[in-house]
Amino acid sequence: MTELPPSGIDPVPPFDLDNLLTDMRSRLDPELPPQERMHALLQAVLTIGEDLDLPTVLRRLTEVAAALTGARYAGLGVFDEDENFSEFVSTGLSRSQAEQITSFPHGKGILNTPLRRRSVLRLRDLHEHPDFGGFPNGHPQMSSFLGAPIQVRGEVFGNLYLADKESAEEFDKDDEEMVTALATAAGVAIDNARLYEETRLRESWLGASTEITTRLLSGADTNDVLAYLAEQAGQISGADTAVVLLPDSRARGHLFAEIAHGPIAQEILGTPIEIQGSLCGWVYESGEATSIPDLRQANCVMLTHRGYGPGLLVPLGTPGNTRGVLLLGKLSDRAPFTPMIRRMLHGFSVQAGVALELAEARKDTERLVVLEERDRIAKDLHDVVIQRLFASAMTLMSTLRLITSPEAEERVQRTIDELDSTIREIRSTIFALQNPPSRGESSLRDRVLELAENTAHSLGCHPGISLDGPIDASVPHEIGEQLLAVLGEGLTNVARHANATEVHASVVVEEPQPPSDDATTLTLTITDNGVGLPEEGRRSGLRNLDQRAEALGGHFTARRGDRGGTILVWKVPISDGSDDVVDGF
C-alpha cells in the first residue's frame with residue numbers, strides 16, 4: 001500500500017467534477033441516450049465516493065459495476081507488492097456458493113492479464129483465453145468476461161472483473177467504455193479511502209503502542225501487557241488468532257505459546273515450537289518479520305491442522321535483542337495480511353520490545369534496591385544483634401563461676417545454649433540474605449524445605465528442619481543435587497520402616513577456624529524416634545547413601561539413638577581448604 005506522503009506534498013489531487021464528466025462523455029457512445037447514461041454514471045460515482053471506509057468503497061464499486069453492465073457476477077481484486085491479491089471483493093455469489101469455494105484467489109492467470117496489459121480485457125468465453133487456468137473446486141462456471149484495471153496515481157491498484165452478462169451472450173463495447181469510465185472515477189475515491197484507512201490504522205497502532213508502554217513503565221504485570229498486545233494486534237490486523245511466543249530458560253531451544261487470543265486460545269497455550277528448523281525460530285533468531293500464505297509451510301504445530309492459512313510472524317524487539325515472536329493467523333479462506341499491516345505491525349512490535357526491555361530494566365533496578373536492603377539488614381544483624389547476643393552469652397558464662405545452686409547453674413547453662421543456637425540461626429539467616437538465588441532459580445535452602453514439606457504426608461508428621469552456615473554460597477550445584485537425593489532417600493526410609501512420630505533433619509556447612517586449612521564440610525543429619533535400625537535385614541537404601549558419600553570423598557554413618565530411633569549422618573567436603581570461602585562470624 002502507498003505510504004502517507006511527507007508534509008508539504010498535496011496528498012490527493014483535487015476532485016474536478018467538470019473534467020470527470022467531460023472524460024465520461026468522451027467515452028460514451030453519442031448515439032445512446034446521453035442523459036440516462038450520464039445520470040447513471042454520475043449516480044454511480046457519487047455512490048462510490050460517499051464513504052471513506054475502503055472496504056465499503058470497494059464493495060460499492062463492485063456492486064455498481066455489476067448493475068451498470070448487467071453482469072451476474074462481479075469481483076474486485078486488490079494487488080499487493082508481489083502482484084498477488086491481498087483482498088478480493090465479490091458479488092453475485094450466494095452464501096452456499098461462496099462456502100463451496102475451497103481457496104482464496106491469488107490473482108494469477110487470466111485474473112492478472114488486465115494488470116500486465118494495463119488495459120481492458122473483454123472475452124466472449126474466458127475458457128478460450130490462453131491464460132485461463134481453470135476454476136477452483138466449488139467455483140461456479142462462467143463464460144463471458146470483462147476485466148478492467150483500476151489505477152491510482154499511475155499504478156494499478158487492482159482489477160475489476162465482470163462475468164456472465166445476463167441480457168446478452170457477451171459484454172459489448174458500451175459496457176467496456178462504461179467500466180473504463182467507472183474505474184477512472186473510482187480511482188480517486190479509492191485513493192482517498194486508502195489514505196484515510198492508513199491514517200486510521202496508524203492512529204490505532206499508535207494508541208495501542210502508547211498504552212503498552214504506559215502499562216509496562218507504570219509497573220503492570222508483563223503477562224497482562226502481553227495479553228493486551230496480542231488482543232490489540234489481532235483486532236487491528238484482522239487476525240483470527242494472535243499468539244505471543246516466548247523462550248523458556250528451563251527448556252532451551254524452544255519457544256512456548258505463553259499468551260494467546262482468539263477462539264482456540266485455551267487449546268494452544270503452552271504449545272512448544274523448536275527454534276531450530278522452524279520459521280518461528282528463524283524470526284526469533286534473525287529479528288526479521290515475515291509473512292506466509294499458508295502456516296502449514298511454517299511447521300507451526302499449533303495452527304497447522306486447525307484450518308489456518310495466511311500467517312504473519314513478527315519479532316518482539318530488534319535484531320540481536322529479540323524478546324519473543326508475535327504470531328498472527330487467519331483462517332484459510334481469508335485474504336493474506338497486507339504490506340501496510342506488515343509494516344505497521346513491525347514498528348508496533350519493535351516499540352513493544354523496547355518497552356519490554358525498559359520494564360525489565362525497571363525490575364532489575366527494583367531488585368537491586370531489594371538486594372541492597374537485604375545487605376544492610378545482614379550487616380545490622382552481624383554488627384549489632386549477634387555481637388550483643390554474644391556479649392550476653394559471655395557474661396552468663398562468667399557468671400556461672402559465681403553460682404552455687406546446681407538448679408540455677410543448669411538454667412543459666414540452658415540459656416547460654418539457647419543463645420548459642422539463636423546466634424547460629426541468625427548467622428544462617430545472614431548468609432541467606434547476602435547470597436540470594438539468581439532470578440528465576442530456587443535456592444538450595446528453599447529446595448531442602450520444599451522437599452521436606454513434600455514428605456510430610458508419607459511421614460505422618462512435619463519434619464523439623466534446621467539450616468546452618470553459608471549453604472547457598474558454599475555448596476556447589478553438583479553436591480547440592482546429591483544432598484537433595486540423600487535427604488529424599490533418608491526421609492523415605494524413615495517413612496517406610498521407622499514408624500516415627502518425630503523426625504528432624506539438619507543441614508550444616510562448617511568452615512574451619514583459622515589457622516586450620518581443613519576442608520569446609522557439609523553435614524546432613526536425620527534423626528527420628530522410631531523403632532531404630534534392625535540388627536539384620538536389607539540395607540540397600542543405606543548402602544546407596546554410603547556410596548554417594550564415598551564418591552564425594554566423605555563418609556556416612558547410621559546408628560541407633562541413645563533413646564531409641566535412628567541417627568543418620570552424611571558428611572562430605574565441599575572445599576579443600578585452599579579456596580577462598582565466605583567469611584564466617
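Helices (H or I, at least four residues) and strands (E, at least two) are DSSP runs, numbered from the N terminus. By that rule, asparagine 493 has its place in helix 15 (residues 477–498). The structure is a predicted model, in which local features need pLDDT of at least 70, side-chain atom pairs count only at pLDDT 80 or more, and totals for chains, interfaces and linings use all residues. Residues are numbered from 1 along each chain as its sequence is written, and side-chain values use heavy atoms, with hydrogens and water left out.

**Overall**

- The protein has 16 helices and 16 strands.
- Of its 585 residues, 44% count as buried; buried means under 20% relative accessible area, exposed over 50%, and partly exposed in between (1.4 Å probe, protein chains only).
- The accessible surface comes to about 30600 Å², and 49% of this belongs to carbon and sulfur atoms. Accessible areas come from the Shrake-Rupley method with a 1.4 Å probe, and for residues only the protein chains shown count as cover.
- Contact means heavy atoms within 4.5 Å. Among contacts between residues at least 6 apart in sequence, 63% join residues at least 24 apart.

**Asparagine 493**

- Asparagine 493 counts as buried, at 16% relative accessibility.
- The C-alpha atoms of asparagine 493 and leucine 542 are 8.7 Å apart in space, while the two residues are 49 apart in sequence.

**Salt bridges**

- Side chains of opposite charge can pair when their charged atoms come close. A salt bridge here is a side-chain nitrogen of Lys or Arg within 4 Å of a carboxyl oxygen of Asp or Glu.
- A search of the whole structure gives ten salt bridges.
- Glutamate 170 is paired with arginine 124 in a salt bridge, with 3.1 Å between the closest N and O atoms. This pair links distant parts of the chain, 46 residues apart: glutamate 170 sits in the loop between strand 5 (155–165) and helix 6 (173–217), and arginine 124 in the loop between strand 3 (121–123) and strand 4 (145–152).
- Glutamate 170 is partly exposed, with a relative accessible area of 29%, and arginine 124 is partly exposed at 46% relative accessibility.
- Glutamate 407 and arginine 411 form a salt bridge whose closest N and O atoms are 3.1 Å apart. Both residues lie in helix 11 (residues 406–434), four residues apart, about one turn of the helix.
- Lysine 173 and glutamate 177 meet through their side chains in a salt bridge of 3.8 Å, N to O. Both are in helix 6, four residues apart, about one turn of the helix.
- Lysine 173 counts as partly exposed at 45% relative accessibility, and glutamate 177 counts as partly exposed at 21%. Salt bridges that share partners join Arg122, Lys173, Glu176 and Glu177 into one network.

- Strands of a sheet pair through backbone hydrogen bonds, either parallel or antiparallel. Two strands count as paired if DSSP finds at least two bridges between them.
- Six strands form an open sheet with antiparallel pairing, in the order 8-7-6-11-10-9. Strand 8 (272–274) and strand 9 (290–292) stand at the edges with a single partner strand each, so one side of each is left without a neighbour in the sheet.
- Neighbouring strands of this sheet are turned by 25° against each other on average, direction ignored. Axes are lines fitted to C-alpha atoms, for helices over the stretch in contact, and angles run from 0 to 180 degrees between N-to-C directions.
- Strand 9 pairs with strand 10 (residues 308–318) in the antiparallel sense over three bridges, and isoleucine 292 stands opposite glycine 311 in strand 10.
- Helix 9 (residues 279–286) packs on the sheet, touching strand 6 (241–247), strand 7 (254–261), strand 8, strand 9, strand 10 and strand 11 (321–331); the direction of helix 9 makes about 145° with that of strand 11.
- Cys280, Gly281, Val283, Tyr284 and Ser286 are buried in helix 9. The cover over the buried residues of helix 9 includes strand 6 and strand 11.

**Strands 1 and 2**

- Strand 1 (residues 71–79) pairs with strand 2 in the antiparallel sense over six bridges, and leucine 76 stands opposite valine 89 in strand 2.
- Strand 2 (residues 85–91) is mostly covered, with five of its seven residues buried.
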